[in-house]
Amino acid sequence: MTTLTRQPGPPKPPEARRHMLVRRWLTAITIVLLIGIPAGYLVVSAEQSRDSGRDKEAESSADGLRDKWPSKMKRRIFEVPVPEGAWRVGYFETSNWKTSRFYVQFRTTPKGLDKFLKGVGTSRDELRKGEVTIAERDAETVGWNFGLKGRAWAGTTHTNADPRPSQDITVDLTEPKKPWVYVVSTATP
């Protein structure tokens, strides 16, 4: 039986300095791409998650109207289509095991009011002059005062079958060109 032994070949020439620098740079870039980018993504993702948690905490600890537009999701869930161009928008949400209420106020134009009412499923013809349809308890929850004299109140209640929300709508038409709209949308799961 014969064993073959491998003879060592000629020695490798030493690596050129330029080649060594290129290899080290490629190694460094590879490490950055494989480790640095995912690590950076994790940091950004964690910060966004933390910000989201802070927003939710601030919202749940609010004890009155927030001077801010409600999210599209909330507007869709509670069926409160705040018209584009509305201003002085504020909202508040309460929830318990039995019901969820979504309070929204905004100022709009006559055209915006008509668009809002149509989006809810009602119309200006359904508004009853001199009537406030939002319960006193609900008004107190967010600090609305419907007892002011000399106001041109008009209201309606739009009822939907469960589980869809129903809306109590009261409009201040004292300034017809800039009506205030107050809505309490109530959902019973």
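Strands here are DSSP runs of E with at least two residues, helices are runs of H or I with at least four residues, and both are numbered from the N terminus. Two strands count as paired if DSSP finds at least two bridges between them.

Some notes on the model. It is a predicted model, in which local features need pLDDT of at least 70 and side-chain atom pairs count only at pLDDT 80 or more, while totals for chains, interfaces and linings use all residues. Residues are numbered from 1 along each chain as its sequence is written, and side-chain values use heavy atoms, with hydrogens and water left out.

Now to strand S2. S1 and S2 run antiparallel and are joined by 7 bridges. A hairpin of 4 residues connects S1 to S2. Across this pairing, Tyr91 is opposite Val104 in S2, and Glu93 is opposite Phe102 in S2. S2 also runs antiparallel to strand S6 (residues 180-187), with 8 bridges between them. There, Phe106 has Val181 in S6 as its bridge partner.

Is S2 mostly covered or mostly open? It is mostly covered, since 8 of its 8 residues are buried. Buried means under 20% relative accessible area, exposed means over 50%, and partly exposed lies in between, with a 1.4 Å probe and protein chains only. In a regular strand, side chains alternate between the two faces of the sheet. In S2, one side carries Ser100, Phe102, Val104 and Phe106, the other carries Arg101, Tyr103, Gln105 and Arg107, and all are buried.

Next, the aromatic residues. The structure holds 11 aromatic pairs. A pair means rings of Phe, Tyr or Trp (its six-membered ring) with centres within 6.5 Å; planes under 30 degrees apart are stacked, over 60 edge-to-face, and the rest tilted. The Phe92 and Tyr103 rings have centres 6.1 Å apart and planes at 40 degrees, so this pair is tilted. It links distant parts of the chain, 11 residues apart: Phe92 is in strand S1 (residues 87-95) and Tyr103 in strand S2 (residues 100-107). Phe92 is buried at a relative accessible area of 10%, and Tyr103 is buried at 2%.

Phe146 and Trp153 make an edge-to-face pair, with 5.1 Å from centre to centre and 80 degrees between the planes. Phe146 is buried at 14% relative accessibility, and Trp153 is buried at 8%. Which residues form the aromatic cluster? Phe92, Tyr103, Trp144, Phe146, Trp153, Trp180 and Tyr182 form one cluster.

Last, the division of the chain. Domain 1 covers 17-60 and domain 2 covers 72-187, with bounds from an automatic or database domain assignment. The C-alpha centres of the two domains lie 46 Å apart.

Trp25 is in helix H1 (residues 17-61). Trp25 is exposed, with a relative accessible area of 59%.
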